[in-house]
Structures are given as C-alpha cells and as structure tokens.
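User: I'm new to this one, and I'd like to go through it piece by piece. Can you take my questions as they come?

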Amino acid sequence: DDQIERERASQHLPGGCCALAAIYLMGKFYVANAGDSRAIIIRNGEIIPMSREFTPETERQRLQFLAFLRPELLGKEFTHLEFPRRIQPKELGKKMLYRDQNMNGWAYKKIQEDDLKFPLIYGEGKKARVMATIGVTRGLGDHDLKVFSSNIHIKPFLSCFPEVRVYDLTQYEHCPDDVLVLGTDGLWDVTNDKEVAGVVMEVLTSYEPNDPCRYTMVAQELVVRSRGVLKERGWRLANDKLGSGDDISVFVIPLGGPGNYT
C-alpha cells in the first residue's frame, strides 16, 4: 500500500484494488484477503470458507468507531450513527431507531440536528457505500479518493491489512478433485459457494485425474457461466437472470496429486 502511494506521484497512477492471496508454505495454505474477493476449499464435496468479504456492512462497527474517535474525518457532512433510513427535517424531535459503534442491535433516540447529516454507511448489501462513495472497505491504494464534490478523504476508513486463514494440508488425505477456488466478486455476485462446488465436480469428472488442464477448464467454465450469454436484454445466465457485469477472475488450485487418487 505504501509502494502504491509512492508510485501514484512518480507514475501518476491513481486508483486501487482488492487483494486475495494464497501462499503454500511447509504443508499449509495461508489465505489472505483484503476486499470482497472470496476463497473456498472444496474437499470431498464439502465447502470450507477460507475468507470473508470486507464491506461497509461487515465492517460497520470498525468504521463507526473510527468516525466516533475522529469526527473531523467526517467533515460537516456525515454522521457516524446508522438509521434504518435517511432522516427527514420534519422528523426532528421524534424518536427513531439507530445504532452506533458499540451496538449490534437497535435502540431508540430522539432525532437532533446532527442526525440529519448523511450517514457514514448508506445502503444495503452490494449497494452499501462508505460516505456514498465506495462499496469495499479493505484493499490497496485509493489514496486520492474523495467524496464527490468535496475535500473529504475516504482513505482513513480503508484498511490495507488482510485477514489471514490457515489450512493444514497434512491433516487430511486429498484426492485430485479437492481444490482451492479463488475468485473476485464478479464470480460470487451471481454464483454461491454451493453452485461453484457443483461446477467444480461436474467439470472435473469429465477429465482424467492426471490431466493437468482439468483445473484450467474448471476456472474457464466458472467465468463463462458467471458472465452468461449476450442476448437482446444484455448478458444473461442460464436461469435468465442478469450475468455478472464486474471483473471475473478465477483460480482453481488442486490440493492433491494423481498419486493420491482412489
């Protein structure tokens, strides 16, 4: 992240990205995730999550706590409190559900002038945004990112530190059909873990266990199915729902070699 900050000045490279990395070291897989990509292990048909997404919703309390400690980061435009919906001026003095950085549930408070400010986190699901600007809360770069038409920087709320999960390969017997799948959000936006596992098993069984291209073909099939087919109403999946409009990058990594196959 520091290197990206240096290069943005010397090479004029603004912007940022998420990061998902898998490192094999001394019999263990270390999977590090900063962003909204995802990694899963499929072992004997079982799905083992190896990451979780970092979004305004999943990191709400961290973001609110930082805003509570440093309210100057919010300018005079935002409030760190969360409400079920945007507060209207006519609701001043009325009671409304809210939650702050210490709360998992909701409580009531009397609406005050400060509560009319735009919420730090606005929207739900994939539409949730930090300061109505960015929908992912960990990653690299974005040092120059600001709220539209303002001088309020988003970077203080973005973390470049990944969450790391460890998987010990020596604890299990793995066959060639056991794999680690790494995918960007373009895959997971339209395909869930179970569906990915189904595609993995479907494609792998159509190739010999010692055919090295079988894993590349799985990755290709996951990309193709998530993008869909171009029709009159845009890219459509097999169920006629909209295909992914985002970047789709997929790696499929075998956990066991042909020698382990039974």
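User: How many salt bridges does the rule find across the interface of domain 1 and domain 2?

Analyst: Keep in mind that this is a predicted model. The chain splits into domain 1 (1-52 + 162-254) and domain 2 (59-157). Across the interface of these two domains, the number of salt bridges found by the rule is 5.

User: What area do domain 1 and domain 2 bury between them?

Analyst: The contact involves 16 residues of domain 1 and 10 residues of domain 2. Of the area buried there, 51% is on carbon and sulfur atoms. The total comes to about 1100 Å².

User: Which three residues supply 36% of the area that domain 1 buries against domain 2?

Analyst: No other three residues of domain 1 supply more. The names to look for are D1, R8 and C17.

User: Which element gives the most to the largest nonpolar core?

Analyst: That core has 19 residues, and V179, V181, V196, V200, L222, V250 and V252 touch the most other members. At least two residues each come from β4 (38-43), β14 (179-183), α3 (185-188), α4 (193-204), α5 (213-227) and β17 (250-254). With 6 residues, the top contributor is α4.

User: How many residues are in the other core, the one with L63 and L73 among them?

Analyst: This core lies apart from the largest one. M131 and V136 are also among its members. Its count is 18 residues.

User: Is M131 buried or exposed?

Analyst: M131 sits in the loop between β11 (129-130) and β12 (140-141). Its phi is near 50°, a positive value in a residue other than glycine. Most residues other than glycine have a negative phi. Because its relative accessibility is 0%, M131 counts as buried.

User: And N44, buried or exposed?

Analyst: N44 is in a loop too, between β4 and β5 (46-49). Its phi is positive, about 55°, although N44 is not a glycine. The cut-off for exposed is over 50%. N44 has 75% relative accessibility, so it counts as exposed.

User: Which residue takes a positive phi in the hairpin of β2 and β3?

Analyst: β2 (residues 19-25) and β3 (residues 28-34) pair in the antiparallel sense over 7 bridges. One of the pairings joins A22 to V31 in β3. The hairpin has 2 residues between the strands, and the one with a positive phi near 50° is M26.

How values were computed
Residues numbered from 1 in each chain as written. Predicted model: local features only at pLDDT ≥ 70, side-chain atom pairs only at ≥ 80, totals over all residues. Heavy atoms only, no water. Core = buried A, V, L, I, M, F, W, Y, C linked by side-chain atoms within 4.5 Å. Buried < 20%, exposed > 50% of the residue type's maximum accessible area, 1.4 Å probe, protein only. Helix = DSSP H or I, 4+ residues; strand = E, 2+ residues; numbered from the N terminus. Pairing = 2+ DSSP bridges. Domains from an automatic or database assignment. Contact = heavy atoms within 4.5 Å. Buried area = accessible area lost by both parts, 1.4 Å probe. Salt bridge = Lys/Arg side-chain N within 4 Å of Asp/Glu carboxyl O.
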